[in-house]
Amino acid sequence: MKLVISITGNNLESPFDPRFGRTAAFCLVDSETGAWTAHENPALSASGGAGVQAAQFIAKLGAKAVISGAYGPNAFDTLSPAGIEMYLAPTGENLTAAEVLALFKAGKLNKTDSATHAGHHGK
């Protein structure tokens, strides 16, 4: 399955970033083969709507799942109808993308079926 992990760098050893819409980059990983590519987040500097723009970008990458630390209502409302599953990785543990991927493969990440916060609305 193709999945995306929010990161601060440009590879699998980059630190996990719990911010979805304002993350620096996304690591697109094929969970079966381990092949990956890094993509700068085009919504990083958006004046508003970063969650929606990031979600649309994820959909264009062909991801079926995304792993981040939180999802606002607009991001959730964009990802969910696109059939993209949303998983929550632990925050505050200084994990790398590779470690987050290992947690996903081990079935240790929780899937969310709703927004995890009220949104930032351009902040």
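Start by selecting N94, which sits in the loop between strand 5 (85-88) and helix 3 (97-105); helices (H or I, at least four residues) and strands (E, at least two) are DSSP runs, numbered from the N terminus. Check its backbone: phi of N94 is near 55°, a positive value in a residue that is not glycine. Is N94 buried or exposed? N94 has a relative accessible area of 76%, so it counts as exposed. The cut-offs are under 20% relative accessible area for buried, over 50% for exposed, and partly exposed in between, with a 1.4 Å probe and protein chains only.

A quick word on what you're looking at. This is a predicted model, where local features need pLDDT of at least 70, side-chain atom pairs count only at pLDDT 80 or more, and totals for chains, interfaces and linings use all residues. Residues are numbered from 1 along each chain as its sequence is written, and side-chain values use heavy atoms, with hydrogens and water left out.

Now zoom out and colour by secondary structure. The C-alpha atoms fill a box of roughly 35 × 30 × 25 Å along the principal axes. How does the radius of gyration fit a compact globule? For 123 residues such a globule would have a value near 14 Å, and the protein has 13 Å, which agrees. That radius is taken over C-alpha atoms, and the globule rule is 2.2 Å times the number of residues to the power 0.38.

The accessible surface of the protein comes to about 6100 Å², with 50% of it belonging to carbon and sulfur atoms; areas come from the Shrake-Rupley method with a 1.4 Å probe, and for residues only the protein chains shown count as cover. Buried residues make up 41% of the 123 residues.

Time to go inside. Select V4, F20, F26, I58, V66 and L79: these have the most contacts inside the largest nonpolar core, which has 20 residues. A nonpolar core here is a set of buried Ala, Val, Leu, Ile, Met, Phe, Trp, Tyr and Cys residues joined through side-chain atoms within 4.5 Å. Which elements give two or more residues to this core? They are strand 2 (25-30), helix 1 (50-61) and helix 2 (73-79), and helix 1 brings the largest share, six residues. For a second, separate core of 18 residues, pick out I67, Y87, L95 and F104, which are among its members.

Back to F26. Leaving out residues up to four places away in sequence, F26 touches V4, I5, S6, I7, F20, T37, A38, H39, N41, A54, F57 and I58; contact means heavy atoms within 4.5 Å. Across the protein, 53% of the contacts between residues at least 6 apart in sequence join residues at least 24 apart.

Next, I84, in the loop between helix 2 and strand 5. Show what surrounds it: beyond its neighbours within four places in sequence, I84 is in contact with I58, A59, A63, K64, A65, V66 and L79.

From there, hop to A59 in helix 1. A59 counts as partly exposed, because its relative accessibility is 36%. Draw a C-alpha to C-alpha distance to A89 and you get 20 Å, for a pair 30 residues apart in sequence.

Last stop: T33, in the loop between strand 2 and strand 3 (36-40). T33 is exposed, with a relative accessible area of 60%, and its C-alpha atom is separated from that of I58 by 19 Å.
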